[in-house]
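I opened my notebook to go through one structure by topic. I wrote down what I looked up and what I found.

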Amino acid sequence: METWLKNKLRGDWQIWFIIALLSLFSMLVVYSASSALAYKKAGGNTESYLLTHTTHLLLGLLVIWFIHRFNYTRYAGISKLLLWITPFLLIYTYFFGTAVGGTKRWINLFGISFQSSDLVRLVLITNLAAMLARRQNVEYTPKTLYGLIFWCGLLCGMLAVTNFSTAVILGVTCFLIMWVGRVPSRYLVRMAGFVIGVLFVVMSVSVALYARGVEFGRGQVVLERIEAFADIDINRDKVIGNRDRDDNYQREQAMIAIARGGVIGIGPGNSFQRNYLPEAFSDYIYAIIIEEYGLLGAILVMGLYLWLLYRGLKNVENTNRAFGGLLCVGLTFSIVFQAFVHMFINVGLGPVTGQTLPLMSMGGTSILFTAVAIGIVLSVTKGEYEEKVI
């Protein structure tokens, strides 16, 4: 049996173990957190969402197994083709996407609904890793960085229009990949200074418009959430909107869930706040984990994600392959960073952004995109392939 598993489930066995634990724990929590939703939309059939979520997890595991069997260097070519498609995909999302929570983030292609940001994040990280791998023996100059900066700036900027929090996560991930990819510090400092300067100008203009009550789309949403989180009043004459009330309500209910959980929690399936948190099964699933499993459960989940990050970084040390090492860093950091953003929001350390907990929150295509990323990482950890042409 052990020989069969080693032959079929190749790569870093610790990552396989982490994914298995997260998936099993996810089924327990989603079954509890989705019960209120089941009574509202499924006639009280609490098993229906559990079966759906379990199916998605099993499909995700199948995707991981399928992806990790292939040579990860092949994905560089596929992602290079998709890189030219992603800007048009984001434009299509902005004009023709499906609005969820007041923002167009979802699109439907060939009968499949997914967030375009999930695909953009995977494609950009893979391409950035390939670009840096090709430049490992080249002396960096502003000219050699133009392509990197162009694609990172273009896609992160376009993504920020509809999904600011994901754009920030992706931007920080790209910066980390460039740092690991030996881009000189002087260029990274200049890029960081430029980005901070642009954000300062944009925020200054946005605050000025917001203070005067001017409607200006997604930027206004971001400011409203920051204003509600920081408990300040930029525009004292404006009437509190539904979004402000919803965000404050979700934070308050999450805080109640955390307070009820204490150290050891109130027990699996005994959550009370799942009846009040609108997105208990996705955006606020970590609050439900704390309520039912307490501080101990919260630390356990956090520890699993930190373990995943550690294995991703450890595999970089164990490989001399630039592309594979950068892929491990970028993909694992992206997953773990999103997880920590979700956790920070749930415990009141950040404004509401709608970030789910990877592999834990209920979802379909989001689980599959995360599975693709993990499958690529596992393909790298097998250490079987030579990188000739990326």
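**Model.** I noted that this is a predicted model.

**Core.** I looked up the largest nonpolar core and found that it has 99 residues. L132, I289, Y305 and L357 have the most contacts inside this core. I then listed what L357 touches, leaving out residues up to four places away in sequence. Among them are I289 and Y305, and the list also includes S282, H342 and M343.

**Surface patch.** F88, I91, Y92, Y94, F95, F96 and V161 make a patch of about 760 Å². Helix α6, residues 86–96, gives the largest share, six residues. I checked F96, which lies in helix α6. F96 has a relative accessible area of 60%, so F96 counts as exposed. For contrast I wrote down a general remark: in soluble globular proteins, nonpolar side chains tend to be buried together.

**Cysteines.** How many disulfides does a search of the whole structure find? The search finds zero. C152 is in no disulfide, and its nearest cysteine sulfur, that of C174, is 3.8 Å away. C152 is buried at 10% relative accessible area. C174 is buried too, at 1%.

**Salt bridges.** I counted three salt bridges.

- R311 and D12 meet through their side chains at 2.8 Å, N to O. R311 is in helix α13 (residues 285–317) and D12 is in the loop between α1 and α2, so this pair links distant parts of the chain, 299 residues apart. R311 is buried at 11%, and D12 is buried at 6%.
- D118 and R121 have their closest N and O atoms 3.8 Å apart. They are three residues apart in helix α7, which means about one helical turn separates them. D118 is buried at 12% relative accessibility, and R121 is buried at 10%.
- R260 and E291 meet at 3.0 Å, N to O. R260 is in helix α12 and E291 is in helix α13, 31 residues apart. Is E291 buried or exposed? E291 is buried, with a relative accessible area of 0%, whereas R260 is partly exposed at 39%.

**One pair across the chain.** I looked up T141, in the loop between α7 and α8. T141 is partly exposed, at 29% relative accessibility. T141 and Y187 are 46 residues apart in sequence, and their C-alpha atoms are 8.6 Å apart in space.

Technical notes
Residues are numbered from 1 along each chain as its sequence is written. This is a predicted model: local features need pLDDT of at least 70, side-chain atom pairs count only at pLDDT 80 or more; totals for chains, interfaces and linings use all residues. Side-chain values use heavy atoms; hydrogens and water are left out. A nonpolar core is a set of buried Ala, Val, Leu, Ile, Met, Phe, Trp, Tyr and Cys residues joined through side-chain atoms within 4.5 Å. Buried means under 20% relative accessible area, exposed over 50%, partly exposed in between (1.4 Å probe, protein chains only). Contact means heavy atoms within 4.5 Å. Patches are made of residues with over 30% relative accessible area and no salt bridge: like charges are joined within 9 Å, nonpolar side chains (Val, Leu, Ile, Met, Phe, Trp, Tyr) within 5 Å. Accessible areas come from the Shrake-Rupley method with a 1.4 Å probe; for residues, only the protein chains shown count as cover. A salt bridge is a side-chain nitrogen of Lys or Arg within 4 Å of a carboxyl oxygen of Asp or Glu. Helices (H or I, at least four residues) and strands (E, at least two) are DSSP runs, numbered from the N terminus. A disulfide is a pair of cysteine sulfur atoms within 2.5 Å.
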